Amino acid sequence: MQQPFLSLTNISKAYGGVKALEDVSLTVYPGEIHCLVGENGSGKSTLIKIIAGVVQPDSGRIVINGKERQSLRPMDAIAEGIEVIYQDFSLFPNLSVAENIALSHELAQRKRWVNWREVRAIATEAMRKVNVSLDLDALVGDVPVADKQLVAICRALVQNARLIIMDEATTALTEREIRALFDVINNVKRGGVAVLFVSHKLDEVLAIADKALIIRNGRVVVDADARELDRSKMTYYMTGRDIEESMFEWRGDPEAPPLLEVRHLTSRGNFSDVSFELRSGEILGITGLLGSGRTELALALFGVQPADSGEIRIAGKPVSIRSIQDAIANGIGYVPEDRLTEGLFLERSIANNLVARTLDNLRSKGPLLDADRVKTQITEWVRRLSIKTPNPELPAKSLSGGNQQRVVLAKWLASKPRVLILNGPTVGVDVGSKSELHEIIKRLAGEGLGVIIISDDIPELMQTCNRILLMRRGRIVEQFERKDLTEADLTHHLVAV
Amino acid sequence: MTVQDVLTRPTQWTRLLIRDGNLVRLFIACVLIFVTMSLLRPAVFPTIENFRSMGSQFPEIGILAIAIMIAMLTGGIDLSVVSIANLSGVLAALFIRAVIPADAPPVVVALGLLGAIVIALASGVLFGLINGLLVARVGLTPILATLGTMTLYTGINVVITRGNAVFAENRLVFIGNTYLFDLIPIPLLIFAIVAAAVSVILNKTGFGLKLYLIGSNEKAARFSGIDVPKTLIGAYVLSGLLAAIVAIIFLGRNNSAKWDFAPSYVLQAILVAVLAGVNPAGGSGRIAGIVLAILALQFISTGLNMLLLAVSGGQFFREFAWGALLLIIMVINYYSERRRGRT
Amino acid sequence: MLGRLLSKQETLVGITLLGLCLLIGAINPVFWTPGNWFDLARSATVMGIFAIGVLIVLISGGIDVSFTAIAVFSMYSTTVLLRNLNYQGGMWLFFLISALIGLGLGLINAFFIARFRLPTLIVTLGTQSMFRGFLLFVIGSRIIRDIPPGMAEYSRAFLFTVTDERGVTVGLHSAVLWLVAIAVLAFVILRYTMLGRSIYALGGSREAAERVGFNVTLTQVFIYAFVGVLAGIAGMIYGGLNRQANAQDIVGQELDVIAATVLGGASIMGGRGSVIGTLLGVMLVVVMSNSLVLMGIPATWQRVVIGAIIIIGTAVPVLRTLRQQRRAVRVETEGESLAPAGGRA
């Protein structure tokens, strides 16, 4: 048996008394694709940072290439050929594509001067390896997200890497780009490079992994050959329980007029001729790949990027939605996909977050807020959505991802919307809280709220929606009733070109 | 412990102090400085006479710091406050000269002064509105927008006055010379009213909370249906209004307004706000912090003045001490944050 | 390529400057005389050196309001020191000592910024107050007019002189060489050294800079030390050109210098800016404020005009990028909203 490239033994790390990792061991051989799987907060990130030398473990052994490393700094890790592609890419938006690719190489060579011709040559060579072609002079801040991801991959490959760590590398890529990325990964694998692939998308893991390490609450649960695992086993290991969810059935009145009607809605360059209707108590899924126009449609309904033409009717009445204020006035709410940058006020208290949407309704006479009603609203929603916090005066950042999403949801529900658009309601939420959120959404629909879920998470759509629309290139191409559909069908339709 | 319990417990203030470490440290610094100075100069420092004198010294900087704090809460800054104060003061002084003859009867004087004050406040609101429009509608970075208007307002002032001081015919000096109950200087009273009013606005109104929310996450504020441009404009208008109040105090103290009066107050007011714990990136800061910070700085200034009276240039030592205090508090904050991070 | 060039703030400022020169020259031909240009160069020298320091700080994502205090501190203490020593020699020693004092004060800034990771605005606000307070209280506050001979002679250190048709002799002051040398040095550092690229990287993303292995602490120490040295030199030039050492001078100009630098295309958010743009921005402000009288506008309008330049100059690129974004938003929205999401383990 050949020598492992990297071997971690009994690694532990605590942050202020909270154990992030406990006795974690991991061995990676050259030319092996090792997947690291775990829910949010399971310790994946900490483990990556330890391997990259960004964080020092409290105890445990790190052996790289047969040499034990007492303290590993980022430069040491890079010198050993460990390259990390971070979830946020860690690129420099103000520098060119070429420089972003070549910079770390130049640094590793301990260069003092910059030879711009060499920078271009290095970048060109890296792009050839990955088989992509990007504008070398474009600023990284100006290129699309998928290209940013490719730049990050090129940068990792420049370095004669021995181990490439990809932290949630596929979040910004379309299905086609993911397949291309997997080709690249298999390519470098054949060159003897090891890959540590971190993901929470189980399908991806099953598609590419040789081995899988599943961790939960900072401990290793399974370290096994990927062929021995399947979807349900992995879910079980990740969460420590089997999750059974019930299907959602619409029990509304089919004769009643629709709550929301969209007729021939068009936004040039984004989507065109979109028509559908939503009835009270329905959960309507809108799915499609990245770039299909699903998010733009949501933003148009919410007034962020108003549509150019077409008609929107609420309870039969035509309405004009040109701004967020218009949408709100018509009872439309929107829970954005990225709750950290669009949904939450992380530094402010949970209480502040809960009333952010309804401040104008909570006034007593005059400009002052009615303290009693503010308090009542906060208490009510903490209770109704079971937000787990010892004190709503604590900052929102003290909450877990699932509870944060409940806060964003509650903020909207407090304004009693008639239609609630949820864009990726459980992105970045761990499997356990996910099903709890699904139950909350179903309950709300049961109370008469019209819900639109925008998502490409197929199991999620199957579990929550009674109807699903499929978008492709800005148009609605198909409509399914949930009860006539299987997961495999929907997946097939989604990725079919 | 239920949510209801936590929200209704009467010890809100003590909890706040415990949670807000910076406020506690400021309070301790304030007390320490006060006690030290009292021990060093027992005959002159802890006296009514000295309180009267100290109380008349800091209100302008204090109000300017509150004005800048309001902009800072939203993640912006207002560099133009002093130039607004000077220009509003000049306009008010010109009005007084124009409408109140030397031998005017008291009614005319009273109406004229009322008019002058209204003109000062209205112009402050107008200049604040221009700032707000540049920031919220045009989309300029606040630091650049207000740097530009600072120069612009000062420039307009120079053009109107040809660079000369404009005298207010001693009509407003009563503001600078009068003491309520023979103890509280009028400017201090104005500062207290402003501090209390702004505190109510920030803590008890939707507008105030919106300022914090915008400063914490502007995009999330927009997505929550908060009218961000309108709220930002409101913030800069309020800041301009406070600057105009300072203009009236300036006139009361100096009997004149001039384009280049007190330019160093801009950075000093920022220093007070930062020392008070206002986050320059937005989203947090309290009036209580401003009050404590300005008191600490005033105690230092006066105390040092008394200690160094014999030394020439003692007034300059104050500048040194202010800067040093700011850095010391920031470094202490750094260490206490780190300690909290570890345990 | 041409499109990229035209979309740069530098190009825009350059064209505006050229247009302005042509306009002023058309109104009053005196504008194009050597005497006027020597005056302009003289006015631009100190501000230009300051602006290059500000540029480097802005690129790194920081902001410095203490450099004027460093300048006056270094200049005044150097003058006091050499006067007390009864130094009779040349100007070089003034520059050397002033630069060293500036270096020391810059390192104090660097210490607080790099060691405690405090926001740069807060640190430099504090040190500005401290440096100036210390100078005025400990070293002195009165204006020194009987400066040492070496410094006094420096005010007439012309590179060359020309005599115009009216018989007035005007000269180009050698101080402009400092500006040229510092500009070239800063350009080379920023463009061709890893140190310079680390400054851009730091301003682009501090976290990413640390992850690829830049020594961010060292970079910050260099930045604030370098700005200190530049401030020391510029302060000395200022004192020399004015033939006096005034301890209450210079401080108060910091916001004007920052405005000129931003006008030249440096981003106040960090990561972007160039030496050429900065020089153009400084020239625009200097030409504008020095030429009002030539255009028959009363000098009292100077600040109004500069204020208007700052507002318009910063509004134009904002409005332009807004337009571009509106076009680009279609391509980006979907991806952008996805990028930072996903599982945060």
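Predicted model: local features only at pLDDT ≥ 70, side-chain atom pairs only at ≥ 80, totals over all residues.
Figure 1. The open sheet around them holds 6 strands of chain A in the order E16-E17-E18-E13-E19-E20, and its pairing is mixed. Strand E16 (332–335) and strand E20 (475–481) of chain A each have a single partner strand, so one side of each is left without a neighbour in the sheet. On average, and with direction ignored, neighbouring strands here are turned by 20° against each other. Helix H14 (residues 401–413) of chain A packs on this sheet, where H14(A) touches E16 and strand E17 (419–423) of chain A, and the direction of H14(A) makes about 170° with that of E16(A) (contact means heavy atoms within 4.5 Å; angles run from 0 to 180 degrees between N-to-C directions of axes fitted to C-alpha atoms, for helices over the stretch in contact).

**Figure 2. A second open sheet of chain A.** Another 6 strands of chain A form an open sheet with mixed pairing, in the order E6-E7-E8-E3-E9-E10. Strand E6 (82–85) and E10 of chain A are the edge strands, since each pairs on one side only. Neighbouring strands of this sheet are turned by 15° against each other on average, again with direction ignored. Strand E3 of chain A runs parallel to strand E8 (residues 194–199) of chain A, to which 5 bridges join E3(A), and A:His34 stands opposite A:Leu196 in E8(A). E3 (residues 33–37) of chain A also runs parallel to strand E9 (residues 211–216) of chain A through 4 bridges, with A:Val37 facing its bridge partner A:Ile214 in E9(A).

**Figure 3. The hairpin of E9 and E10 in chain A.** E9(A) pairs with strand E10 (residues 219–225) of chain A in the antiparallel sense, over 6 bridges, and in E10(A) the bridge partner of A:Leu213 is A:Asp223. The two strands form a hairpin with 2 residues between them, and A:Asn217 in the turn has a positive phi of about 50°.

**Figure 4. Two helices lying across strands of chain A.** Helix H1 (residues 44–51) of chain A lies across E3, E6, strand E7 (163–167), E8 and E9 of chain A, and H1(A) runs at about 150° to E7(A). Helix H5 (residues 145–158) of chain A lies across E6 and E7 of chain A, running at about 175° to E6(A).

**Figure 5. Helices H9 and H11 of chain C.** The axes of helix H9 (residues 194–204) of chain C and helix H11 (residues 216–242) of chain C come within 10 Å and cross at roughly 105°. Residues of H9(C), including C:Leu195 and C:Leu202, meet residues of H11(C), among them C:Val216 and C:Phe222.

**Figure 6. The end of helix H5 in chain C.** Just after H5(C), C:Arg117 takes a positive phi of about 55°.

Residues are numbered from 1 along each chain as its sequence is written, and chains are lettered from A and ligands numbered from 1 in the order written. Local features need pLDDT of at least 70 and side-chain atom pairs 80 or more, whereas totals for chains, interfaces and linings use all residues; side-chain values use heavy atoms, without hydrogens and water.

How values were computed. Pairing = 2+ DSSP bridges.
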